[in-house]
Amino acid sequence: MATEKNVLIVVGTLRNNGFNEQLARRIETLLEGRASVSRLDYSALPLMNQDLENPERPEVAAVREAVRQADGVWFVSPQYNASFPGHVKNLVDWLSRPLPGKGRSTAVAGGMRATVSGAGGRTATAEMRAALDALLAFVGAQVMTDKETGIALSGESWTTGTLVLSPEDEAALAAQADAFLDFIA
């Protein structure tokens with residue numbers, strides 16, 4: 001019998017009920033009963049600074065341990081100026097650094113299995129997803145780039161502040177969830 005996989009969701013929006021927060025909740029629903037799902041709280045991470053690396057700070061250790069325990073990490077992020085938010089970059093920077101005094105192979109980003117989704121304007125976060133995929137691959141993550149989902153927000157979504165998914169959006173998210181579970185199996 002296969003063991004249940006652990007999926008860690010990284011939400012890239014800082015808004016309490018932003019579109020990507022709503023998208024993350026929809027992804028959690030799609031994974032319910034098929035994987036153990038948790039959220040990464042990285043709000044206490046300081047800005048990456050080598051002066052802060054040794055000794056390892058508790059907030060950095062907690063984030064690294066959560067990623068280490070995950071079978072897969074699903075990034076759900078808005079697009080800011082054709083890329084991803086700075087706090088997401090800061091997180092990846094910390095994950096890419098080796099443990100103090102332990103050597104490059106101890107960076108938790110190396111070998112991390114990841115995928116990316118996002119909701120945004122008319123480009124459906126295509127630039128953000130490409131930039132984040134490239135960064136994650138650069139730091140050694142194994143990135144599932146096929147089946148990634150980008151949502152172009154509808155007029156209704158913009159007007160109401162509520163994420164409205166089309167049947168095509170729902171099908172794409174379901175296909176990404178299935179593919180990601182296979183990817184991390």
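Student: How many salt bridges does a search of the whole structure find?
Tutor: This is a predicted model, where local features need pLDDT of at least 70, side-chain atom pairs count only at pLDDT 80 or more, and totals for chains, interfaces and linings use all residues. Residues are numbered from 1 along each chain as its sequence is written, and side-chain values use heavy atoms, with hydrogens and water left out. A salt bridge is a side-chain nitrogen of Lys or Arg within 4 Å of a carboxyl oxygen of Asp or Glu. Searching the whole structure on that basis gives 10.

Student: Which residue forms a salt bridge with E21?
Tutor: E21 sits in helix α1 (residues 19-31). Helices are DSSP runs of H or I, at least four residues; strands are runs of E, at least two; both are numbered from the N terminus. The partner lies 18 residues away, in strand β2 (residues 35-39). With the closest N and O atoms 2.8 Å apart, the partner is R39.

Student: Is E21 buried or exposed?
Tutor: Buried means under 20% relative accessible area, exposed over 50%, partly exposed in between (1.4 Å probe, protein chains only). E21 has 13% relative accessibility, so E21 counts as buried.

Student: How many residues apart in sequence are R34 and D178?
Tutor: Their side chains meet in a salt bridge, 2.5 Å from N to O. R34 lies in the loop between α1 and β2, D178 in helix α6 (residues 167-184), so the pair ties together parts whose separation in sequence is 144 residues.
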